[in-house]
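Please look through the following briefing, which is meant for a reader who is new to this structure and which groups its points by topic.

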Amino acid sequence: MPHLLDEIVRQFTPPTGEAEASARAMIFDSVYDVYRGVVTYVRVIDGRIEARDKIKMMSTGAVHELLELGVISPEMQKAQALGVGEVGYLITGVKDVRQSRVGDTVTINTRPATEPLGGYKDPKPMVYSGLYPIDGSDYPDLRDALDKLKLNDAALSYEPETSAALGFGFRCGFLGLLHLEIIRERLEREFGLDLISTAPNVVYRVIMEDATEHVVTNPSEYPTGKVGEVYEPVVRATVLTPNDYVGAVMELCQGRRGVLLGMDYLSADRVELRYTLPLAEIIFDFFDQLKSRTKGYASLDYEPSGEQQADLVKVDILLHGEAVDAFSAIVHKDKAYNYGVTIAAKLRSLIPRQQFEVPIQAAIGNRVIARETIRAIRKDVLAKCYGGDISRKRKLLEKQKEGKKRMKMVGRVEVPQEAFIAALSTSDSSGDGKAKK
């Protein structure tokens, strides 16, 4: 074993850096300790950081006094200083997790570096989803949990969001659907939170006819007025599948607006298919459909490849003539009718009957494309009539009809939270999943 380590040291080039220059260290990871605060892991590129120095974070300008620094060997061991090429940890006692960002450059406050270390870029979210606590009182806990997760996951981004249906929560950005699932699982397991996650969507770029540009991460942000062009992100997807399922995979990809780039036979019974697909078409149930159609044998890999112009529209869901933002979606024009019909039918079964008739409509702008009706609860006003003149019965029915009409004018539709959860939640049945996208 010692000989192997000696050989590794001999063959690998040592780290390069200027020992006499101003200190610069790259933060590559951070963890949160309940007792000691944020523990920051760094690699020193230039200069030297000594115990009790005052350090400065170059992106935020925050200055902290070092309480402890050291190396990992493999447990934490205190050291007097960290020099060029060394990897170690810094503890400042800071409890605010936003003060330590992965990719940031640490320098000495008394002799600061002028340029931060290059080569690091903030990851851009590809998929957005809303995370809401089922119990509204858990909102501060969710905020703290997201702060702590961001310490060692720089790709996670989030901002507060309020929904009329689900209360206070966060609009979170993820690298993909797997990233979303991992974050949600960690929040539920490590922090004991019960969460609702809304159907994921991607970032659209909308250019209006007057040339103004809008970036849309949520259907509620979709601009009103005359839309000129809409651009959506696309990915280059690679599917590996046994030869027997090529037809099923091609049918699935073409149904999701995919464009075939090429097909290669890797062996007699193994095929590689390359497609360009809109990201919005694959972030929900594409992988599940791929697995079910190929009996679990196919595998999928994808990477971002720019954006494309698409014929996209915003479908609004109206309850009693009022739009409910939580149910709005941005979909392709060819799938708008199917989305509207499915959501309207689902809501009809989820929303309890009212004292008056409630129309559920799906609309693109001012044009209604689908409608369902929740019938009114009707009291039997003729129960007390035993025979007698028909005009008395007609009079009672007319009176009831007038009351229903008046109630319809002033009545508000009460939508239970269960209906929002069932319609918006990602943990739904596969049939519902198809409806959302």
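Two strands pair if DSSP finds at least two bridges between them, and helices (H or I, at least four residues) and strands (E, at least two) are DSSP runs numbered from the N terminus. The model is predicted, so that local features need pLDDT of at least 70 and side-chain atom pairs count only at pLDDT 80 or more, while totals for chains, interfaces and linings use all residues. Residues are numbered from 1 along each chain as its sequence is written, and side-chain values use heavy atoms, with hydrogens and water left out.

**Strand pairing**

- Strand 18 (residues 259–267) and strand 19 (residues 270–278) run antiparallel and are joined by seven bridges, and the two form a hairpin with two residues between them.
- Within this pairing, Asp 264 has Glu 272 of strand 19 as its bridge partner.

**Aromatic rings**

- The structure holds five aromatic pairs, where rings of Phe, Tyr and Trp (its six-membered ring) pair if their centres lie within 6.5 Å, and planes under 30 degrees apart count as stacked, over 60 as edge-to-face and the rest as tilted.
- Because Tyr 158 lies in strand 12 (residues 157–163) and Phe 170 in strand 13 (residues 167–174), the pair ties together parts that are twelve residues apart in sequence.
- Tyr 158 counts as partly exposed at 21% relative accessibility, whereas Phe 170 is buried at 2%; buried means under 20% relative accessible area, exposed over 50% and partly exposed in between (1.4 Å probe, protein chains only).
- Tyr 245 and Tyr 297 form a stacked pair, with 6.4 Å centre to centre and 15° between the planes.
- Tyr 245 lies in the loop between strand 17 (227–242) and helix 4 (246–255) and Tyr 297 in the loop between helix 6 (286–293) and strand 20 (299–309), so this pair ties together parts that are 52 residues apart in sequence.
- Tyr 245 is buried, with a relative accessible area of 16%, while Tyr 297 counts as exposed at 53% relative accessibility.
- One aromatic cluster is made up of Tyr 139, Tyr 158, Phe 168 and Phe 170.

**Cysteines**

- The count of disulfides comes to zero, a disulfide being a pair of cysteine sulfur atoms within 2.5 Å.
- Cys 172 is buried, with a relative accessible area of 0%, and Cys 253 also counts as buried at 0% relative accessibility.

**Backbone features**

- Most residues other than glycine have a negative phi, and most peptide bonds are trans.
- A cis peptide bond, with omega about -15°, joins Ser 73 and Pro 74, and Pro 74 lies in the loop between strand 6 (68–72) and strand 7 (76–78).
- Ala 211 has a positive phi near 75° and lies in the loop between strand 15 (204–208) and strand 16 (213–216), where Ala 211 counts as exposed at 63% relative accessibility.
- Lys 295 has a positive phi near 55° and is found in the loop between helix 6 and strand 20; at 65% relative accessibility, Lys 295 counts as exposed.
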